[in-house]
Amino acid sequence: MPADKTHQRAAQILERTGPDLPADAVMREMFSTWKRGTPAEKRAVARAVFAHSRWQGWLDADDPMIKQIAAALTHQRQFDQDPESYRTDDLAAHAVPAWVHDQIDFTPAELRALQTEPVLWIRARSNHTLDTAKTLKPSEPAPAPADTTGFRYLGTDDLYRTPGFKKGHFEIQDLGSQLIGHACAPQPGETWWDTCCGEGGKTLHLADLMQGKGLIWASDRSNRRLARLKQRTARAEVFNYRAINWNGGEYPPTKTKFDGILIDAPCSGVGTWRRNPHARWTTSLTDVHELAVIQRQLLTNVANSLKPGGRLIYAVCTTTRSETTAVADAFTTAHPELEPLSLLDRGPQVFLKPAEWNANGMFLAGWKRASNQ
Ligand SMILES: C[S@@+](CC[C@H](N)C(=O)[O-])C[C@H]1O[C@@H](n2cnc3c(N)ncnc32)[C@H](O)[C@@H]1O
């Protein structure tokens, strides 16, 4: 498809987006009705849409959208060729909204990581690592501790259409999310609660790490997401779970006491701003503060469901102070019966930064209930 047609389609998408209608939702809808579009053509349109959001701070909003898109793609090309040609203070001023600097101290490397196009990570089910590596070429193993089942896919096939994906041999899952599963390190035969399971990305990983032995309670407040979880577990042939609606309130969905609890909490998603650049311009400081309240409530409401010796893991795909260290420190102070627990050999509070992992930014915190409590 000629460049001007790509830009036109991207402009149609961007003109329809707004605070309540993210670019990826509009794009998904357009792609579902664009029957003649090839995967390569759709990739080119998506790339143009994301480049526009990534370089929006350098564009003239009064220019026609087509002109803005061409300018954004020129910035992307120039940055990819020579990231140092963009000064750090310009990146700090234009790549992110001003409010975020009170919440995150970005290093020059982190600002440059934000302007880089994201890579594609997959997680093979542990009994399909070899056949996944053989079929999905070119690919390279993820860094430890995700190296046993994680891969970076370097090809251009539409992975959702591959036989391996249809048979549930692998999942498309960002490396940051995979590292959360490794930090939980559930053991076969244990009982876990994935409290904000959403569509089940982490549930599937926990089940795989448990080798299908033991039980996972998977809860979310969204029945729509729980329905998707059920489709995904069926495809991946995961059966050792129980899905249940829970709104995060004071009463847990069961009296069961758990060996492990994961709170993959709702958050501002600042750590996904590289993959989802549109969100830079729709997320606000008010969102951050409101979500921090919910995150504290979730931690408080699950703490009593831990067995003696049980582990509690808090995870968010953001790195704002209010949703990370502030939440974890307040919870540690309020719960002296829980000891901070080191995760991934990096201590009890861990930031996973995009520049280090080439993945979404994450924060993790861990605690353990003493064996005699
Ligand atoms: C970060 S997402 C979870 C992603 C999921 N764990 C995965 O790996 O695919 C956060 C989830 O929390 C759910 N949620 C939001 N507020 C909640 C609440 N108060 N109680 C329970 N779940 C909540 C949302 O519906 C959403 O699915």
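Ser139 has Tyr153 in β3 as its bridge partner. Strands (E, at least two residues) and helices (H or I, at least four) are DSSP runs, numbered from the N terminus. Keep in mind that this is a predicted model: local features need pLDDT of at least 70, side-chain atom pairs count only at pLDDT 80 or more, and totals for chains, interfaces and linings use all residues. Residue numbers start from 1 along each chain as its sequence is written.

**The sheet around that bridge**

- Strand β3 (residues 150-153) and β2 pair in the antiparallel sense over 3 bridges; two strands pair if DSSP finds at least two bridges between them.
- These strands belong to an open sheet of 4 strands, ordered β2-β3-β1-β4 and paired antiparallel.
- At the edges sit β2 (139-141) and β4 (170-172), each pairing on one side only.
- On average, and ignoring direction, neighbouring strands in this sheet are turned by 30 degrees against each other.

- Most peptide bonds are trans, and most residues other than glycine have a negative phi.
- Lys137 and Pro138 are joined by a cis peptide bond with omega of about -5 degrees, and Pro138 sits in the loop between α7 (129-135) and β2.
- Another cis bond runs from Ala144 to Pro145, with omega near 5 degrees; Pro145 is in the loop between β2 and β3.
- Glu237 is not a glycine, yet its phi is positive, near 55 degrees. You'll find Glu237 in the loop between α11 (223-235) and β7 (241-245).

**Helix α4 and its partners**

- Helix α3 (residues 39-54) packs on helix α4 (residues 65-81) at an angle of about 85 degrees, their axes 8 Å apart. That angle is why α3 counts as roughly perpendicular to α4.
- Axes here are lines fitted to C-alpha atoms, for helices over the stretch in contact, and angles run from 0 to 180 degrees between N-to-C directions. The classes are roughly parallel (under 35 degrees), roughly antiparallel (over 145), roughly perpendicular (65 to 115) and oblique (the rest).
- On the α3 side, Ala48, Ala51 and His52 meet Gln68, Ile69, Ala72, Leu73 and Gln76 in α4. By class, this contact has 5 nonpolar, 3 polar and no charged residues.
- A contact means C-beta atoms, placed from the backbone, within 7 Å. Nonpolar covers Ala, Val, Leu, Ile, Met, Phe, Trp, Tyr, Cys and Pro; charged covers Asp, Glu, Lys and Arg; the others, Gly among them, are polar.
- Helix α1 (residues 3-16) also meets α4: their axes come within 9 Å and cross at roughly 110 degrees. So α1 is roughly perpendicular to α4.
- His7, Gln8, Ala10, Ala11, Leu14 and Glu15 in α1 touch Met65, Ile66, Ile69 and Ala70 in α4. The tally for this contact is 7 nonpolar, 2 polar and 1 charged residues.

**Helices α9 and α10**

- Helix α9 (residues 175-184) packs against helix α10 (residues 201-209) at about 45 degrees, with 9 Å between their axes. That makes the pair oblique.
- Their crossing is right-handed.
- From α9, Ser177, Gln178, Ile180, Gly181 and Cys184 meet Gly201, Lys202, His205, Leu206 and Leu209 of α10. The contact of α9 with α10 has 4 nonpolar, 5 polar and 1 charged residues.

- The unreviewed UniProt entry lists residues 97-370 as "domain: SAM-dependent MTase RsmB/NOP-type". UniProt positions follow the numbering used here, feature names are shortened, and annotations may be inferred rather than shown by experiment.
- In the model, residues 97-370 have their end C-alpha atoms 42 Å apart, and the span is 30% helix and 23% strand.
- The same record, again unreviewed, puts a "binding site" annotation on Asp220 and Asp264. They span 45 residues in sequence, but no two of their C-alpha atoms are more than 10.4 Å apart, so they gather at one spot.
- Asp220 is in strand β6 (residues 215-220).

Notes
A crossing is left-handed if the near helix is turned anticlockwise from the far one by less than a right angle, and right-handed if clockwise. Two residues are in contact if their C-beta atoms, placed from the backbone, lie within 7 Å.
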